[in-house]
Amino acid sequence: MREHPNGGIQMSSVTPRLRFSPSPTGYLHIGSARSALYNYLLAKSMGGQFLLRIEDTDRKRLVPDSLDDIINSLHALGIQWDEGPDIGGPYGPYAQSERLPIYHKHLHQLVEQGKAYPCFCTQERLEQVRKEQEAAKTDIMYDRHCRSIDPQEAKRRMESEPYVIRFKMPETGTTQVEDVLRGVLTFDNSKLDDHVLLKRKVAGEAYAWPTYHGCSPIDDHLMRITHIVRGEEWLPSTPRHKLMFQAFGWDVPVFCHLPVILSATGKGKMSKRDGDTAVRDFLRHGYLPAALVNFVLLLGWSGKNDQDLYTMEEAAKVFSFAGLSKSPAAFQTDKLEWFNGVYIRNLSVAELAQQLLPYMQEAGYVSAKPTAAEINYLHSIVPLIQERMTVLTDAVEQVDFLYGDVQDYEPALLLQAKVSPAQARQVIDAALHVVDTATDFTGEALHDALKTAADKLGLKARQVFMPLRVALSGRTVSPGSTTDIMAVLGPEETQKRLRMAQQKAAALG
RNA sequence: GCCACCAUCGUCUAGGGGCCUAGGACGCUGCCCUUUCAAGGCAGUGGCGCGGGUUCGAAUCCCGCUGGUGGUACCA
């Protein structure tokens, strides 16, 4: 919707306020993170506020530590909110579980006004009705059994009987909602049932819990939300929400429904079954927050030019409704890996070493309280692996030969680049001599010395460096140039490994 | 079943009637560089789902079909 850069609303004096309202039913999903990101970016780019609200009205699906995870993950990604359950704000509380009296009051007011009504139907009856509708192949929806109960009688029964509160839907006509991305959408009211706003009160509790439909519009209004930007799965219930705002006599916010994120195969929306999908999983697997943000930013949004690298600050300046795409995107990690490599390469040695530390500690390469020597050693290693990593966890495997001893290898492995056993022995002897006589143990100096030795032996560069690479790393493929490896290892360890190679080479024909 | 949304390279996307011989990025392939692997440089591969309209002209507008996805809870 390029023609609606401001989401179709006229810019007024009202400060844009957007929210991210997750349910604490699990660890922060990468798709939810995108939703949070877009809301945050939209708020910032419009000079507005962004708030975090917790929708914890489903007590059965509640996962105790998920709120902490949501907050931590959001923080890790660099998404900050102006108001929220942890920091408060002028329109709190920001957890719905703490707002029960508010919903009670508003929803009962709707009943008083005849815009909603109590329903006394039992679960059993509802199930029965559903079954019959399925059998008859008619629309499956509440049959409005309690809608016709006389208000006075209903009021009396509410005092003694358990009930839910249902919205009184118009039975005919249509409801139009405007979506920033999709334009005006028309829904047939006859297809909308009298949905539950307030659930049956649990015995012993002071207030009944609301459903999403019951509390979300109330909160959005009370919290002065101007733009509701949420997942496409909410699109079908948007007419309900619009009607709710109108029933209360409130302004209807701008709606924008983001396309869902599909699994990598494009079949169905991305779910836990597709493997690790929580932000914390990606972080643990060695993805950088900035890379994750950049990747997810472009999963459903694109800027004016062909730019694909964005910092959060840049994105906060240029993000707008105009760049949103309305078709769903498949979550394929190829590009995420590329982004991650780019961001890793952009880190300074010290920064990358810092990022790597936990993984190195976990591998037992660095102690829990790193010594200065350990840190220095790590710093010397980082340049060798920096441009060879796509995720941080790659490092552990790449540097194993720089920590433990070299793995035992077949002597024949020393015969790289078609050198003969005799030549291999000459190369190792020459290298040993270079090490013994080196005054400057840097990669550069060692390279020059070995190159000279190679010339003397009449060998090509690869014919001396490759056998030595095997001698030093035990592998034919390893990070860094051979001489950089020597420099990192230091004269003593280099010598030790060369001697070992010398012995192996002696056994060769 | 019913309701709704969506549809450009394998993937993410640009495109709003002529600037499209459809652009960029990732991936893939090849070449260059090279002491391995990477990184980097260069080149290449590859797409408008189908059918009807509208128009001098359609990837772009309209209709139908097909396909995909979402919703249909006292879940969110």
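Predicted model: local features only at pLDDT ≥ 70, side-chain atom pairs only at ≥ 80, totals over all residues.
Figure 1. Arg-497 counts as buried, at 3% relative accessibility.

**Figure 2. The salt bridge between Asp-219 and Arg-99.** Asp-219 and Arg-99 form a salt bridge in which the closest N and O atoms are 2.7 Å apart. Asp-219 lies in helix 6 and Arg-99 in the loop between helix 2 and helix 3, so this pair ties together parts of the chain that are 120 residues apart in sequence. Both partners are covered: Asp-219 is buried, with a relative accessible area of 0%, and Arg-99 is buried as well, with a relative accessible area of 1%. The pair also takes part in a network of salt bridges that links Arg-19, Arg-53, Glu-55, Arg-99, Asp-219 and Asp-220.

**Figure 3. Helix 6 and its surroundings.** Helix 6, made up of residues 212-222, is mostly covered, since nine of its eleven residues are buried. The buried residues are Tyr-212, His-213, Gly-214, Cys-215, Ser-216, Pro-217, Ile-218, Asp-219 and Asp-220. These buried residues pack against strand 1 (17-20), helix 3 (100-112), strand 7 (196-198), strand 8 (227-231) and helix 7 (238-248). Just after helix 6, Arg-224 takes a positive phi of about 60°.

**Figure 4. The salt bridge between Arg-125 and Asp-143.** The side chains of Arg-125 and Asp-143 meet in a salt bridge, with an N to O distance of 2.7 Å. Arg-125 lies in helix 4 and Asp-143 in the loop between helix 4 and helix 5, so the pair ties together parts that are 18 residues apart in sequence. Arg-125 is partly exposed, with a relative accessible area of 25%, and Asp-143 likewise counts as partly exposed, at 34% relative accessibility.

Figure 5. Most residues other than glycine have a negative phi, and most peptide bonds are trans. Lys-137, although not a glycine, has a positive phi of about 55°, and its place is in the loop between helix 4 (123-136) and helix 5 (151-160). Arg-144, found in the loop between helix 4 and helix 5, has a phi near 60°, again a positive value in a residue other than glycine. In their cover the two residues can be set side by side: Lys-137 is exposed, with a relative accessible area of 76%, whereas Arg-144 counts as buried, at 15% relative accessibility.

Figure 6. The peptide bond from Gly-92 to Pro-93 is cis, with omega near -5°. Pro-93 has its place in the loop between helix 2 (66-77) and helix 3.

Figure 7. Ile-71 is found in helix 2 and is buried, with a relative accessible area of 12%. When its neighbours within four places in sequence are left aside, Ile-71 is in contact with Leu-52, Trp-81 and Asp-86. Glu-124 lies 53 residues from Ile-71 along the chain, and the C-alpha atoms of these two residues are separated by 39 Å.

**Figure 8. Chain A as the setting of the close-up views.** The secondary structure of chain A comes to 19 helices and eleven strands. Buried residues account for 49% of the 509 residues. Among contacts between residues at least 6 apart in sequence, 76% join residues at least 24 apart. The accessible surface comes to about 24,300 Å², with 50% of this area belonging to carbon and sulfur atoms. Chain A carries 57 positive and 62 negative charges, whose mean positions are 5 Å apart, and the count of salt bridges comes to 28.

Definitions and conventions: Residues numbered from 1 in each chain as written. Chains lettered and ligands numbered in written order. Heavy atoms only, no water. Buried < 20%, exposed > 50% of the residue type's maximum accessible area, 1.4 Å probe, protein only. Helix = DSSP H or I, 4+ residues; strand = E, 2+ residues; numbered from the N terminus. Contact = heavy atoms within 4.5 Å. Areas by Shrake-Rupley, 256 points an atom, 1.4 Å probe, with all protein chains shown as cover. Lys, Arg positive; Asp, Glu negative; His and termini not counted. Charge placed at Lys NZ, Arg CZ, Asp CG, Glu CD. Salt bridge = Lys/Arg side-chain N within 4 Å of Asp/Glu carboxyl O.
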